Amino acid sequence: MITLALSKGRIFDETLPLLKAAGIEVLDDPETTRKLILATNQPEVRVVLVRASDVPTYVQYGGADLGITGKDTLLEHGSQGLYQPLDLQIAKCRMSVAVREGFDYAGAVRQGSRLRVATKFVAIAREFFASKGVHVDLIKLYGSMELAPLTGLSDAIVDVVSTGNTLKANHLVEVERIMDISSRLVVNQAALKLKQQPIRRIIDAFAAALQQPTAP
Ligand code: AMP
C-alpha cells in the first residue's frame, strides 16, 4: 500500500491533475466526505487527509509514504528524514512582511528600533530578521495574523500572501517579500527504499507532467 498525505483545499485541488497524470483518481470528494482516508482507483494507493502543517510529520514518521506541502511548512517543520524530489509549482504564493497603512517600517528599521512581529512562521521570521540585523520580538499566532497590527498586538506580521486582497481589505501593506513559496513532493526515505518501484513511478509521472527532470 502507498499512502499519500494531502491537505484539503488548494493543495488537494491542484494535486488532482498530477495524480491523474500518474493514473490515480481519488474516489471521494474531500469537501463532502467525512472520511479521512480516501480510496483511489488503484487499490494499492490511498490518500490521507491531514492538516497542512502535519504533512511533514506524517511523512517523516512513516504515517504516509509521500506527502505534498508548502515550502513554508517544510521550513518551519524542518526536513529531517524527508526526501524532496520535486517542486510541484502548485499553491504558489509568497512570504512577506506587512504593516498597517501609515506605519513607517523603513524608518523603524533604519533607526534600529525593536519591532514586534506577529506570525505563525516563527522560524522563517527569525531567520529573515536576523539576516537583516533587525531586532524583533516574535509573537506566535495560530491564525488571523492580519488582526495583530490593527489591534496594537504587533507592529508587523509575517504571513503568506497570494493576491494581496486580504492585506488590502484590512488596511495592511506589504513592505518586504521574504521568499516565494510553492508546494513540494516529500517522500519518506525508508519507504523510498522499501517500496521503490511504485513510489518511483509516482515521482516520475509527476515529473513528466511538470516536464521537470527527476532528482537522482
Ligand atoms: P490573498 O488575499 O489572496 O493574498 O490570500 C491571503 C490569505 O490566504 C493568507 O492569509 C493565507 O492564509 C491564505 N493563502 C493564500 N495562498 C496560500 C497558500 N499558497 N498557502 C497557504 N495559505 C495561503
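A polar contact here is a pair of N or O atoms within 3.5 Å; inside the protein, one atom must be able to donate a hydrogen and the other to accept it, and sequence neighbours count only if both atoms are side-chain atoms. The model is predicted, so to speak of local features takes pLDDT of at least 70 and side-chain atom pairs need 80 or more, while totals for chains, interfaces and linings use all residues. Numbering runs from 1 along each chain as its sequence is written, and side-chain values use heavy atoms, with hydrogens and water left out.

**Exercise 1.** Find which residues put an N or O atom by an oxygen atom of the ligand.

*Solution.*
- Start with the backbone: an N or O atom of Ser162 sits 2.8 Å from a ligand oxygen.
- Gly164 also uses a backbone N or O atom, at 2.7 Å.
- Now try side chains: Thr163 has an N or O atom 2.6 Å from a ligand oxygen.

**Exercise 2.** Sort the shell around the ligand by residue class.

*Solution.*
- List some members: the ligand's surroundings include Arg10, Cys93, Glu146 and Asp159.
- Apply the classes: Ala, Val, Leu, Ile, Met, Phe, Trp, Tyr, Cys and Pro are nonpolar, Asp, Glu, Lys and Arg charged, the others (Gly among them) polar.
- Tally: four nonpolar, five polar and three charged.

**Exercise 3.** Decide whether Arg94 is buried or exposed, and find its side-chain partner.

*Solution.*
- Check the cut-offs: buried is under 20% relative accessible area, exposed over 50%, partly exposed in between (1.4 Å probe, protein chains only).
- Arg94 comes in at 16%, so Arg94 is buried.
- Look for a partner: the Arg94 side chain makes a polar contact with that of Glu174, at 2.7 Å.

Definitions and conventions
Near = heavy atom within 4 Å.
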